[in-house]
Amino acid sequence: MPKTINVLFLAAEADPFVKVGGLGDVAGSLPRALRALSNDDVKLDVRLVLPYHPVVKADDLKPLGMFSIPRGDSEVGVEAFESTLNGMPVYFINGDPIRANGSVYSLDSKLDAEKYTFFSLAALALQSQINWQADVVHANDWHTALSVYGSLTKRWEEGAKHVAGVITLHNLPFMGPDISAILEGYGIKLAQTDLPDWARVMPLPLGLWASDAIVAVSPTYGSEILTHEYGCGLGEFLQIRRETISGVLNGIDVASFNPADDTALGVNFDIDSLEKRAANKGLLQDRLGLKRDPEIPLLAIVSRMDVQKGVDLAFTALKSMKSVDFQAIILGTGDPKLEEAARSLNNLFPEKIKVELRYDAGLARQIYAGADMLLMPSRYEPCGLSQMIAMRYGCVPVVRAAGGLNDTVKHNETGFVFQKAHHMSLMAAVKAGIKAFSDKDQWKKLQQAGMAQDFSWENSARKYLELYQSLVK
Ligand code: GLC
């Protein structure tokens with residue numbers, strides 16, 4: 001009989017039910033990759049639980065009934081549903097604090113504080129409703145971190161059995177709002193911790209403090225967070241915990257992101273039929289209203305418009321490349337100031353720079369399959385998924401040596417890597433890329449080396465499995 005490890009996997013978003021960013025990709029694929037590792041020795045019963053945001057799309061929801069969790073002198077109602085994703089049970093939690101907020105993340109931090117505190121605690125309470133208890137509570141980012149803290153304080157109060165707490169860090173700077181009053185309402189005390197005072201009222205630091213293991217989404221990010229520069233004020237605390245911190249690179253869904261059968265593409269291709277890729281560049285140039293020309297290097301930015309992503313550095317670099325022959329496409333939404341900057345770049349160079357300020361998964365795939373280079377000058381990048389997808393589609397990444405970018409792109413081998421978060425450094429790397437592009441043999445080598453990389457989930461999921469095993473021993 002294989003030993004079963006029960007894992008309650010919590011996230012604010014998970015593809016295909018609800019997705020805002022990279023967290024959604026990871027939470028939609030990692031739990032399934034983990035279940036697929038089950039073998040004769042160990043069975044991983046990973047179950048996903050999500051808030052039933054009003055924007056969630058899910059079919060065949062089975063109601064699991066109502067229960068409540070105590071707050072103050074009364075109670076808050078919880079409504080739970082079950083669905084499945086390739087055989088994996090997926091639970092949805094609903095209740096007033098979740099209904100109160102239309103979007104996944106609100107600009108009103110008070111709404112988010114109420115919502116995610118409620119969700120984290122209700123998800124724990126769900127377990128006894130379904131007669132199933134986790135051996136590992138695995139949270140992601142600040143939104144669900146209180147489940148790890150709540151699971152620990154429950155053990156103190158009720159002498160419940162040891163449940164391991166794991167937090168995966170996708171984005172350390174977002175620690176969540178002050179939830180001390182809300183927690184008190186639910187009857188949960190703030191512990192005496194070795195956290196800085198400002199941090200001990202926030203969900204992410206409390207969760208990290210209560211966790212048995214912290215996983216950063218890349219090895220480089222795992223060491224960066226220990227530093228003053230990237231530690232966001234928790235560097236020293238994390239230093240003390242360093243034995244429990246590891247970095248596991250995210251994978252991508254290689255079945256979905258496959259240029260050989262991606263239906264969003266005009267022409268499918270693979271590593272052995274790379275010559276077919278050129279047709280996609282032509283189609284993309286037509287679609288964007290750029291001059292159809294295989295010899296002009298086509299640069300791309302597919303990104304949230306966010307200072308984290310360094311898109312402003314890319315805009316400045318492109319602006320300074322007046323005398324260079326290139327085309328560029330910028331796709332994404334986000335910060336209105338950055339969107340405005342993108343628009344003005346388009347106005348400045350209407351012939352060579354095109355801007356699409358929206359989220360468009362289909363166009364993104366056509367860009368990966370048709371553009372020559374993807375620019376990712378991130379100021380910090382816990383993992384980054386686009387550079388991996390780009391490489392799989394023969395689009396050569398130009399990246400800053402931060403976090404997961406540093407772990408996935410090899411300079412002059414699979415892409416171009418620069419060090420300083422400055423537009424001049426990016427520009428030098430882009431120019432090196434353009435020079436390489438003019439040498440057809442060299443370029444093909446770069447493309448094929450990128451396409452040959454294995455970014456599937458399997459290796460990474462195995463590392464999580466080993467971690468779970470070490471925690472439940
Ligand atoms: C966050 C990070 C990104 C990472 C993603 C998934 O969005 O900013 O670097 O790839 O989470 O872990």
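Aspartate 45 is buried, with a relative accessible area of 8% (buried means under 20% relative accessible area, exposed over 50%, and partly exposed in between, with a 1.4 Å probe and protein chains only). The structure is a predicted model, in which local features need pLDDT of at least 70 and side-chain atom pairs count only at pLDDT 80 or more, whereas totals for chains, interfaces and linings use all residues. Residues are numbered from 1 along each chain as its sequence is written, and side-chain values use heavy atoms, with hydrogens and water left out.

The side chain of aspartate 45 forms a salt bridge with that of arginine 35 at 3.2 Å, N to O (a salt bridge is a side-chain nitrogen of Lys or Arg within 4 Å of a carboxyl oxygen of Asp or Glu). Because aspartate 45 belongs to strand 2 (residues 42–51) and arginine 35 to helix 1 (residues 22–35), the pair ties together parts that are 10 residues apart in sequence (helices, H or I of at least four residues, and strands, E of at least two, are DSSP runs numbered from the N terminus). Arginine 35 is partly exposed, at 24% relative accessible area. Aspartate 45 also meets arginine 47 in a salt bridge of 3.0 Å, N to O; arginine 47 counts as buried at 15% relative accessibility.

A further salt bridge links arginine 462 and glutamate 458, whose closest N and O atoms are 2.8 Å apart. Both residues lie in helix 17 (residues 458–472), 4 residues apart, about one turn of the helix. Salt bridges that share partners join Arg287, Glu356, Arg358 and Asp360 into one network. By this rule, the count comes to 22 salt bridges.
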